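Please look over the sequence and the model shown below before reading on.

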Amino acid sequence: MEGEAGGSSSVSSSPCSSCGGGADGNGGGGVVEYLIGVIEKAGSYGGYRKTQRKECLNLARTLKLLVPLLEEIREARRAADSPAGDGLDAALVRLRQAVVAANKLLKQCHCGSKIYLMLESEAVVSRFHAVYYKLNEALDDMPYDELEVSVVVQDQVELMRMQLKKAQKRRDTPDIELAMDLMVVLSEKDDRNVDNAILQCLANRLELRTFCDLKAEKVAISKLVKQFGKDAQNIRQIMGLFGKFKRIIGFEEPSAQDFSVSSRTLVKLPSLSIPHEFLCPITLEIMTDPVIVATGQTYERESIQKWLDSNHRTCPKTGQILHDLSVVPNYALRNLILQWCEKNDFELPRKAISVGSDGSSSELVKQISCLVQDLSSSQLNARRHAILELRTLSKDNPDSRILIANMGGVTPLVQLLSFPDSKIQEHAVTALLNLSLNDANKRVIAREGAIPPIIDILQNGTDEAQENSAAALFSISMLDENKVLVGSANGIPPLLDLLKNGTVRGKKDAATALVILSLHQANKSRAIKAGAIPLLLDLVKDNNLGMIDEALSILLLLASHPEGRGKLGRVSFIKTLVEIIKNGTPKNKECATSVLLELGLQNSSLVRASLQYGVYEHLVEIARNGTNRGQRKAYSLLQHI
């Protein structure tokens, strides 16, 4: 996938290929004018993708520094009585290739797929380094004495070459939180890991917040599909992640056909016979229950309710902030739609069930209201029945999660966490786990004081209660403020105890929670002080348990902490990593290579130790045939070596 947008292989087909190899000895035309034009074009892009914005701005500034040199070359060639020598021609050809490659890279980072650029960020950084190398090589070969370039420009070029050399070595600190978010979102092993909070965080990082953003992303993905085919591994990941982003703002799940280059636009195109004002701006389908929001825009009730339930507080069409989230039925428009349908013999889609004013089933509203009241009943059997029913309702129904919280169900559920009955505690913590899958509920649950009693159940509850307590802490800790609360409430030691002594599922739930908590710097220190590293090292060596990947993922985070690096920077651990790189599964190899890279970038002696254990040829193999992330990590480590 690193070949998207090419490299410099397509330079020969660029417009300047007709310039006789790029050197034209006449006037100000030819390759010099072409280069100035390309640099101006590259400087006009702006709006670079967030994941590469810093690197793009650096490269664009570097290209602009070339203009004074090119202008002096142009003037020198105009004043010359004879054509320039072969040295200048060859240098200009190389410079042209480098500038064209730079322009192509900047253009991709301006309008390419944001998801692709995030997934392939390390490969894209390598392409930036290749461009820096080409630019420096071209400037190194430039015959400055022959051109009689001014001292000021020569000094500027020398400064630029020093910057290019530094840029080739520059490596930004890896975004561990982004990597962990991706690991969770792309994981298909546990449905509980698919959480709207982490999706919303990724969408915000990628600036995929509006329908217009998604439409532009759709076009970019379609180009990737045309280039690589929809069956390529990364394309499948991109399409899947794009589908999840669509869902959190109210779109339908995309199909593979949606990404065909000749496909329709992002949402289904309406029939041309339906008046445009009858179509919901979100779904582009005819409205059956139109409602007006505070900005005066009209939407289908179900669609705008999904948008608002996903914690959005802006008008989808105008982007204005909605200070009032209430909606008002648009009876006038509904009557017009009904009249038009009758006149044109058009049958409106039928609703499966009657809905209440908030888009929820009136029967469901009544049921949940009664159950929430029964949570505080003096009859123990009524409480047990209510909490079990709420646990079941909140498991698979997103609307139920919202209703239970809106009807005040969180407070009594939190109170029942301390009830002297282990089964009631188990049902309560599981119901709260289910409710926490809604973004807004995470804050409510933490605000109601749920974290300390959840940690208590984590220590003393039944096996299932401990498993679901760990999963609940993971879900709640998707919010940064809750990571702090869980850490300060001493939640990490019992998670480590579950990781050591729990059931297989409990161990995995504990590991997942520890990953998300360790994204916070203070929690890394807490985990290290609580003895996480010896425990994780034991898990790394245990082939039977099947938790090598999880253990290495946590160790990767702890290795970014100075205290963690000190404890992990031992030759015995490097030997273990090399053994995994040699003999592990593809995913094991990817994780071990990531940890070795993190440690090696800070301590070259550890890299030398790994070479003594024979890691080199195995890194080469991973760089060729490993997982996508494994290939990138292995390539980066080989470059460092």
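A nonpolar core is here a set of buried Ala, Val, Leu, Ile, Met, Phe, Trp, Tyr and Cys residues joined through side-chain atoms within 4.5 Å, where buried means under 20% relative accessible area, exposed over 50% and partly exposed in between, with a 1.4 Å probe and protein chains only. The model is a predicted one, in which local features need pLDDT of at least 70 and side-chain atom pairs count only at pLDDT 80 or more, whereas totals for chains, interfaces and linings use all residues. Residues are numbered from 1 along each chain as its sequence is written, and side-chain values use heavy atoms, with hydrogens and water left out.

The largest nonpolar core holds 94 residues, and among these Leu499 and Leu552 touch the most other members. Helix H28 (residues 548-558) gives the most to this core, namely 8 residues; helices (H or I, at least four residues) and strands (E, at least two) are DSSP runs numbered from the N terminus.

If residues up to four places away in sequence are set aside, Leu499 touches Lys507, Ala510, Ala511, Leu514, Leu535, Leu536, Leu539 and Met547, a contact being heavy atoms within 4.5 Å. Ala470, which lies in helix H22 (residues 463-476), is 29 residues from Leu499 in sequence and 9.9 Å from it in space, C-alpha to C-alpha. Is Ala470 buried or exposed? Ala470 has a relative accessible area of 0% and is therefore buried.

Turning to the helix pair, the axes of H31 (residues 586-602) and H34 (residues 628-640) come within 9 Å and cross at roughly 30 degrees, the axes being lines fitted to C-alpha atoms over the stretch in contact, with angles running from 0 to 180 degrees between N-to-C directions. H31 and H34 are therefore roughly parallel to each other, since angles under 35 degrees count as roughly parallel, over 145 as roughly antiparallel, 65 to 115 as roughly perpendicular and the rest as oblique. Where they meet, H31 contributes residues including Glu590, Leu597 and Leu601, and H34 contributes residues including Arg629, Lys633 and Leu637.
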